[in-house]
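I opened the notebook to look up two things in one structure. The entries follow the order in which I checked them.

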Amino acid sequence: MERHVFTTDSSARTQIRAARDGIVTPEIARVAEREQLAPTTVRDEVARGRMVIPANRHHAALDPMAIGLKARVKINANIGSSPTTSSLDEEVEKLALSQRWGADTVMDLSTGKRIRETRQAIIDVATVPIGTVPIYEALERVKKPEDLTAELLLQVITEQAEQGVDYMTIHAGVRFDHLALCQHRTTGIVSRGGGLLARWMVHHEAENPLYERFDDVLAICAAHDVTISLGDGLRPGSIDDASDAAQFAELDTLGELVQRCWDRDVQCMVEGPGHVPLDQLQENVERQQRVCQEAPFYTLGPLVTDIAPGYDHITSAIGAAVVGWHGTSMLCYVTPKEHLGLPDADDVKQGLIAYRIAAHAADLARGGSHAARAARWDRELSKARFDFDWNRQFELSVDPDTAREMHDATLSDDYFKTAEFCSMCGPKYCPMHNFRDVDWNRLKAVASERALAARG
């Protein structure tokens, strides 16, 4: 087979190349506006590689955003059809719901026979960056994983880049020599891409074709300004496998690939685990930041326990808040259906609400201007709560509709929108109501009398 070498369009700059040349692009200016940062700060962070702006030149509907240490903690929502479930219309609806409920990016993980058509419908209306995993579509074009070729993978990456995909998960860090480290894991390899490549490498007794042809991948991405999300194909899929040799061997390779991306003026971020107990979360973030030179970290969860199928949006949101605090830049949501099935519209909402809470908690803890903005939101809601301004409290809630419905389930009349109690305490026991009825002038006088008596 003839080896095709992909070349970069040298007439167009990527965001990182423009930033390195001192240019504030329209995308950088828009990000600065959204993040309330100086345009030069955004430019310098993009130039350094600590911030990425996933913005394919062909994504016309995009409203540019950024992922990085000096930006708000971001949230990704995964959607996508499967070979057995869902339809194009359902996936477009999931995109609309994802944007409504606060997703900052959306990954289309569609599999089955209508991948390209589904993705085009999503890109046409998405104002947020769209990500993909190209190996999924490549697999649909062959009978079995062993039939995949480097040329096919590069062809799919090219087609998706031309279609307008803003970032792609590329599992180039899964090396042949890493596979033996996975043999005795409790849950083996849980990444789809990692599992497919492991099967291919062992069958062909060959190195990962995405690693071998990474320069060609970089050329394609540079030509369209596609951000590479360096996939963690060997991420731990259980607490028992967390922070093991396989995970960290791949991370070391990802650190190498980060530098190769930067050398070719390609934006990149690094994907992370997975399933990690609470006591190992800070170590995992700090190790990634050190090995990958502070390239943005993008984590799935992490889930901090394995015991709660049906509630993994909670087990993972706990971990997400902690890793966000310690320096993770984007959190990939987990829905209640994780490990169980394809999420529906309500699962998407539940996952996003859980992760918006986690990201906000992380922003509060990280310090800086975003922490101050997050704290103002908390303070405004708390003031509305103390003032018994129920409508304002609903408006400020992360999910106003649910907050209103829960209140109105027991106190639905308009009168109760100004009442100084809810149905849990009622007027007699409400502590804030009773606090407001304290005679503070009397308290001041009594305190003064006691102080005089103590001195006399």
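**Entry 1: the largest pocket**

I looked up the largest pocket and noted a volume of about 860 Å³. A pocket here is an open set of points on a 1 Å grid over the protein atoms alone, where a 1.4 Å probe fits, with protein on both sides within 12 Å along at least five of seven lines. The volume is the space filled by probe spheres set on the points, which are joined across faces, edges and corners.

The model is predicted: local features need pLDDT of at least 70 and side-chain atom pairs 80 or more, while totals for chains, interfaces and linings use all residues. Residues are numbered from 1 along each chain, and side-chain values use heavy atoms, without hydrogens and water.

Which residues lie nearest the centre of the largest pocket? I found Asn-78, Leu-109, Arg-192, Arg-235 and Glu-338, out of 38 lining residues (an atom within 4 Å of a point). β9 gives the largest share of the lining, three residues. By class I noted 16 nonpolar, 15 polar and seven charged residues. Nonpolar means Ala, Val, Leu, Ile, Met, Phe, Trp, Tyr, Cys and Pro; charged means Asp, Glu, Lys and Arg; the others, Gly among them, are polar.

**Entry 2: two helices**

I then turned to α4 (residues 88-100) and α14 (residues 345-366), DSSP runs of H or I with at least four residues. Their axes, lines fitted to C-alpha atoms over the stretch in contact, come within 10 Å and cross at roughly 25°. The two helices are therefore roughly parallel (under 35 degrees).

In α4, Glu-93, Lys-94, Leu-97 and Ser-98 meet Ala-345, Val-348 and Leu-352 of α14 (heavy atoms within 4.5 Å). I sorted these contact residues into four nonpolar, one polar and two charged.

Methods
Axes fitted to C-alpha atoms, helices over the stretch in contact; angles between N-to-C directions. Parallel < 35°, antiparallel > 145°, perpendicular 65-115°, else oblique.
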